[in-house]
Amino acid sequence: MFYLRGCGRWVAASFTKQQFPLVRLSSDSAAPRTPHFDVIVIGGGHAGTEAATAAARCGSRTLLLTHRVDTIGQMSCNPSFGGIGKGHLMREVDALDGLCSRICDQSGVHYKVLNRRKGPAVWGLRAQIDRKLYKQNMQKEILNTPLLTVQEGAVEDLILTEPEPEHTGKCRVSGVVLVDGSTVYAESVILTTGTFLRGMIVIGLEMHPAGRLGDQPSIGLAQTLEKLGFVVGRLKTGTPPRIAKDSINFSILNKQTPDNPSVPFSFTNETVWIKPEDQLPCYLTHTNPRVDEIVLKNLHLNSHVKETTRGPRYCPSIESKVLRFPNRLHQVWLEPEGMDSDLIYPQGLSMTLPTELQEKMITCIRGLEKAKVIQPGYGVQYDYLDPRQITPSLETHLVQRLFFAGQINGTTGYEEAAAQGVIAGINASLRVSRKPPFVVSRTEGYIGVLIDDLTTLGTSEPYRMFTSRVEFRLSLRPDNADIRLTLRGYKDAGCVSQRRYERACWMKSSLEEGISVLKSIEFSSSKWKNLIPEVSISTSRSLPVRALDVLKYEEVDMDSLAKAVPEPLKKYTKCRELAERLKIEATYESVLFHQLQEIKGVQQDEALQLPKDIDYLTIRDVSLSHEVREKLHFSRPQTIGAASRIPGVTPAAIINLLRFVKTTQQRQATMNESPKTDQCLRNADRLQERQL
């Protein structure tokens, strides 16, 4: 017996373990429809919490099903959020009113911006997080979200009905079956199962079923998905051992202090909950040849490394690093797990050797000679579903109203999971109300790049976000995520609060006004030199220089400009964030003009929609090779732009598709005499000329 909280009241429920048939089909008149929700989210990890709260913010009655309520918000691996590329995702999740950024601002113990030596477009906001605080704050938020009910229970199966004729898919999901045989019905279902689908934990040669240390895997649901025809793959990841804090000699290690001032993740926060002087430091040490020797001599005792299952390329185990990069020293960051925690997380030492060998390896490292291992590192192998089987809204091609988010799509990392979760939650809710999907394109955000990469390219290894994956990173910066997504999230999805929307509108208008004022102020270069002596401007310039151009110099900020020209610039220094963002806008002004032209070209490609019901394997009106037909049939791109990014789809095939789209739209135009279709035809003609 346990208690669950939803919509302001406590409800009692009990569950027993029983076995039931795998796939259940029902008609609209079959079985009672109680309890019934708009959206069901399966899994209470980082994707699941964002999905559930996003659906609830959109106005859907939502049920979050999780194995244990007390594990909601649990950070299963590293005690940190953000980083290069990942910090961008967090800012975008926050722009859509997601949770993780606000919770991190309430739970961090060490805040730092990475990549400061480069421009602000690629700065990476990062924080060490107090595990206990994060879990407490997340659970408080989840259990007090209006329209959201939380229930403990394991899902064994999906309830399937006849498909909607106006949408593609072999069937439609209409609910779930729990392990005790009880059923819960819903209009949309989101799977955020993490590493639980047939999860297996590995330490040395020992293997036992688990989705996470101490939690049982999901077997029945994995079998259901496989029987439905989903292409299933296998991935692996791992986590380092945990070390007793008082057994480490920090005095001989390199110390890293947090930033002062700390930069918050959320646009709604001016600062974080803790002062810089009260934050905890991190420490750096390195591996050595003795570590390599232990790894190489004991490969026969490590089944995780010998497996053909693909592991993370960009966060590999120490065994993989030794094999891939021999005779190198590897960084090991010693990170605190919380303000009152006695544990240290050795970032960079993920391993799956037998426990006694892990202890031996740890004590070979400088500063860890007397270290005590409290919990051994372990590997996890799990099922994932090829993400080319989902649309950009994260709804599956095979089953209508079924959405996937998180590691089930082949990604790795809390931030990637949270980003998918918020998009899945929004679209599951929009699907209930029969509204158009909310899709973020590659030109609008890192979230768009993440989802487009997954749905068009797929992945054979755990996918991680980097700034290098993004074509328009000068436009898609951490500082302007609210301008890019908050306004859309409010108008198109209804997932953003009025307060956040009004703040984003104020910031947008303030930036536009500030830039206009800076452009209007012009002096000679010699006068600017007199007003701001530290600026390295050439006094030989004959033409007047705008204040916006002066702000581009590294040694100039809004404060120094306002001192030189108090009126009308002084008011733009009262808000620190506004002043900093004006500086960034000035820095990128000239290059952004050219990038915006490129973005318009890509958006034209994305505007050319492919018919949703097209059968690539049998269609005769377009000349395509058998290989291209198979790739298009599997990925089912929604636009010409998405089709062009699928590996193996040739430029000739794209031109033939363009001709097909043109012919189809001409037929439609003849039938409907729609002026909008004529515009699409003109766009198709221009794109065809450019492609040719």
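This report covers the domains, a pocket, a cavity, helix packing and local backbone features of a predicted model.

## Basis of the model

Local features in this predicted model need pLDDT of at least 70 and side-chain atom pairs count only at pLDDT 80 or more, while totals for chains, interfaces and linings use all residues. Residues are numbered from 1 along each chain as its sequence is written, and side-chain values use heavy atoms, with hydrogens and water left out.

## Domains

The protein chain is assigned domain 1 (242-378), domain 2 (511-595) and domain 3 (608-673); such bounds come from an automatic or database domain assignment. Taken over C-alpha atoms, the centres of domain 1 and domain 3 are separated by 49 Å.

## The second largest pocket

The second largest pocket holds about 940 Å³ of space. On a 1 Å grid over the protein atoms alone, a pocket is an open set of points with protein on both sides within 12 Å along at least five of seven lines, and a cavity is a set where a 1.4 Å probe fits but cannot get out; lining residues have an atom within 4 Å of a point. Grid points are joined across faces, edges and corners, and a volume is the space filled by probe spheres set on the points.

The lining of the second largest pocket comprises 29 residues, and those nearest its centre are Val263, Arg576, Glu577, Glu580 and Arg581. Two or more lining residues come from each of helix H13 (498-520) and helix H18 (576-607); H18 gives the most, with 7 residues. Helices (H or I, at least four residues) and strands (E, at least two) are DSSP runs, numbered from the N terminus. By class, 13 lining residues are nonpolar, 5 polar and 11 charged. Here Ala, Val, Leu, Ile, Met, Phe, Trp, Tyr, Cys and Pro count as nonpolar, Asp, Glu, Lys and Arg as charged, and the others, Gly among them, as polar. Because domain 1 (242-378) and domain 2 (511-595) both contribute lining residues, the second largest pocket lies between them.

## The cavity

The structure has 1 cavity of 30 Å³ or more, and the largest cavity contains about 30 Å³ of space. Its lining is made up of Phe267, Thr268, Asp482, Thr486, Arg500, Arg503 and Ala504. Helix H12 (481-493) and H13 each give at least two of the lining residues, and H13 gives the most, with 3 residues. The lining of the largest cavity divides into 2 nonpolar, 2 polar and 3 charged residues.

## Helix packing

H12 and H13, which both line the largest cavity, pack with their axes 9 Å apart at an angle of about 140°. Axes are lines fitted to C-alpha atoms, for helices over the stretch in contact, and angles run from 0 to 180 degrees between N-to-C directions. H12 and H13 are therefore oblique to each other. Angles under 35 degrees count as roughly parallel, over 145 as roughly antiparallel, 65 to 115 as roughly perpendicular and the rest as oblique. The H12 and H13 crossing is left-handed; this term applies if the near helix is turned anticlockwise from the far one by less than a right angle, and right-handed applies if clockwise.

Helix H6 (residues 289-297) and helix H9 (residues 355-362) have axes that come within 9 Å and cross at roughly 165°. H6 and H9 are therefore roughly antiparallel to each other, and their crossing is right-handed.

## Local backbone features

Asn260 and Pro261 are joined by a cis peptide bond with omega about 10°. Pro261 is placed in the loop between strand S17 (254-256) and strand S18 (282-286). A cis peptide bond also runs from Glu567 to Pro568, with omega near 15°, and Pro568 is in helix H17 (residues 566-569).

Leu147, a residue other than glycine, has a positive phi near 70°. The loop that holds Leu147 lies between helix H4 (131-143) and strand S9 (148-152).
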